[in-house]
Amino acid sequence: MRPASEIGAAVIGSGFIGTVHVEALRRIGVPVRGILGSSADRAAHRARELGVARGYGSLAELLADPDVEIVHVTSPNHLHHPQVREILEAGRHVVCEKPLALTADESADLVRLAASSGRVNAVNFNIRFYPLNQHARELVAAGELGQVRLVTGRYFQDWLLLETDWNWRLEPDRGGALRAVGDIGSHWLDLLMFITGQRITSVMADLATFIPIRHQPAGPVETFSTDRSTDTVERQIATEDTATILLRFEDGARGSVAISQLSPGRKNSLQYEVDGSSAAAFWDSEQPDQMWIGHRDRPNEILIRNPALMGPAGQAASALPGGHVEGFADTFRALFRAIYADVGAGGPSDRPDYPTFADGHDEMLVNDAVAASARIGRWTDVVREPANPAMVAAGEDSR
Ligand SMILES: NC(=O)c1ccc[n+]([C@@H]2O[C@H](COP(=O)([O-])OP(=O)(O)OC[C@H]3O[C@@H](n4cnc5c(N)ncnc54)[C@H](O)[C@@H]3O)[C@@H](O)[C@H]2O)c1
């Protein structure tokens with residue numbers, strides 16, 4: 001197996017999350033050969049800032065670089081499908097940001113293409129790779145919580161609270177028909193299917209757009225930017241600011257989640273509680289090194305992340321000893337280590353322990369059910385076509 005230091009990578013996009021990818025790749029010893037941006041000038045500028053050798057002028061130029069074996073796609077959502085297609089067709093491995101595509105038809109296409117390519121294909125559901133979330137999955141799988149009954153939580157942010165807040169995510173043709181659900185709800189839905197080992201089978205969703213008109217700055221805006229432009233254009237908003245969703249899981253568990261991009265003071269709070277028949281687990285991404293474990297007959301526990309107190313998956317995702325807080329950026333390191341083990345081995349393993357395109361597509365199918373349920377005002381089943389029986393048979397769905 002080849003070490004990560006011998007595997008050349010390139011990153012598409014050098015905005016908020018592209019920068020996190022570059023930094024995490026460096027931490028695991030992967031040489032980042034170059035980056036691609038929205039223009040040749042921007043790529044060259046960002047390459048200089050980040051100390052990366054090349055700023056490519058186009059995807060064709062990137063794919064002509066023989067030193068690049070794997071490409072990380074961190075561009076806006078509408079570019080994921082065409083870019084990932086080209087990357088796989090050029091025989092490269094690929095890590096794509098969530099959501100995998102704009103529509104489930106597109107994500108199904110990528111699942112098929114990835115399976116026939118034999119290349120490593122990963123979706124960046126990095127939240128799975130907080131060590132305590134890996135631990136929670138191990139707790140559930142080992143029966144430590146008993147039978148999972150109730151799965152509840154939220155994903156709240158406030159960065160789109162004001163009508164003057166703007167980002168490409170607000171434009172359906174760039175972000176997708178679902179916004180809060182597609183952008184952050186996708187993480188929660190994937191995470192809780194991962195932790196419980198149960199797929200979501202049915203949803204009852206209510207979507208709300210509290211700010212129907214926003215003021216788009218005339219120039220470009222960085223994600224999470226707090227700059228305010230005075231030169232703005234009024235835009236009608238069709239996508240949801242908030243979602244409240246009831247959930248049914250395949251082994252009978254019930255759940256609910258609230259998703260919001262306009263909850264004042266909540267910067268990035270993903271919370272969940274999994275209530276089993278004998279114990280419960282609660283976690284909040286703003287306090288990521290702690291997990292509350294609830295009991296009926298003895299005092300509750302607070303587990304401070306500690307490799308010595310977790311199972312093998314929790315240990316593998318930890319880089320630091322207990323008490324040395326690990327956070328958002330560390331999840332990328334842990335996830336990339338798992339992905340690059342497969343790249344080093346030449347292709348996907350039988351049961352990848354990272355989220356694959358199959359997982360990314362499955363989450364898109366849940367989103368489709370959410371959109372349909374909100375439209376018709378009724379419980380709606382998640383329709384799972386056997387999009388890729390080959391991958392299912394090969395166990396490449398990491399749930
Ligand atoms: N996993 C996570 O926690 C997480 C967090 C944030 C964003 N994301 C995902 O990452 C992606 C990017 O989000 P962001 O917040 O970094 O956005 P951003 O706007 O900060 O950055 C987008 C980048 O894409 C570049 N870009 C635009 N058009 C391009 C093109 N044609 N070719 C190449 N590059 C192009 C831009 O120059 C910019 O560098 C989205 O899909 C988003 O859902 C994931």
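Helices α4 and α5 (residues 104-117) pack at an angle of about 10°, their axes lying 10 Å apart. Axes here are lines fitted to C-alpha atoms, for helices over the stretch in contact, and angles run from 0 to 180 degrees between N-to-C directions. The angle makes α4 roughly parallel to α5, a label for angles under 35 degrees, while over 145 is roughly antiparallel, 65 to 115 roughly perpendicular and the rest oblique. On the α4 side the contact is made by His81, Val84, Arg85, Leu88 and Glu89, and on the α5 side by Glu106, Asp109, Leu110, Leu113, Ala114 and Ser117; contact means heavy atoms within 4.5 Å. By class, five of these residues are nonpolar, two polar and four charged. Ala, Val, Leu, Ile, Met, Phe, Trp, Tyr, Cys and Pro count as nonpolar, Asp, Glu, Lys and Arg as charged, and the others, Gly among them, as polar.

The model is predicted: local features need pLDDT of at least 70 and side-chain atom pairs count only at pLDDT 80 or more, while totals for chains, interfaces and linings use all residues. Residues are numbered from 1 along each chain as its sequence is written, and side-chain values use heavy atoms, with hydrogens and water left out.

Buried residues of α5 include Asp109, Leu110, Leu113 and Ala114, where buried means under 20% relative accessible area, exposed over 50% and partly exposed in between (1.4 Å probe, protein chains only). Just after α5, Gly118 takes a positive phi of about 70°.

Gln83 belongs to α4 (residues 80-89). This residue is buried, with a relative accessible area of 12%. Apart from neighbours within four places in sequence, Gln83 is in contact with Ile12, Leu59, Val73 and Ser75.

Six strands form an open sheet with parallel pairing, in the order β3-β2-β1-β4-β5-β6. Helices (H or I, at least four residues) and strands (E, at least two) are DSSP runs numbered from the N terminus, and two strands pair if DSSP finds at least two bridges between them. At the edges stand β3 (54-56) and β6 (121-123), each with a single partner strand, so one side of each has no neighbour in the sheet. Neighbouring strands of this sheet are turned by 20° against each other on average, direction ignored. Within it, four bridges join β4 (residues 70-73) to β5 (residues 93-96), which run parallel, and His72 stands opposite Val95 in β5. Helix α2 (residues 40-50) packs on the sheet, touching β2 (32-36) and β3, with its direction at about 160° to that of β3. Helix α11 (residues 357-376) also packs there, touching β5 and β6, at about 40° to β6.

A second open sheet has nine strands in the order β16-β15-β14-β13-β7-β12-β11-β8-β17, with mixed pairing. Its edge strands are β16 (301-304) and β17 (380-381), each with a single partner strand. Eight bridges join β7 (residues 148-156) to β13 (residues 269-276), which run antiparallel. Helix α11 packs on this sheet, touching β8 (200-208), β11 (242-249) and β17, at about 50° to β8. In α11, 15 of the 20 residues are buried, so this helix is largely enclosed by the rest of the structure.
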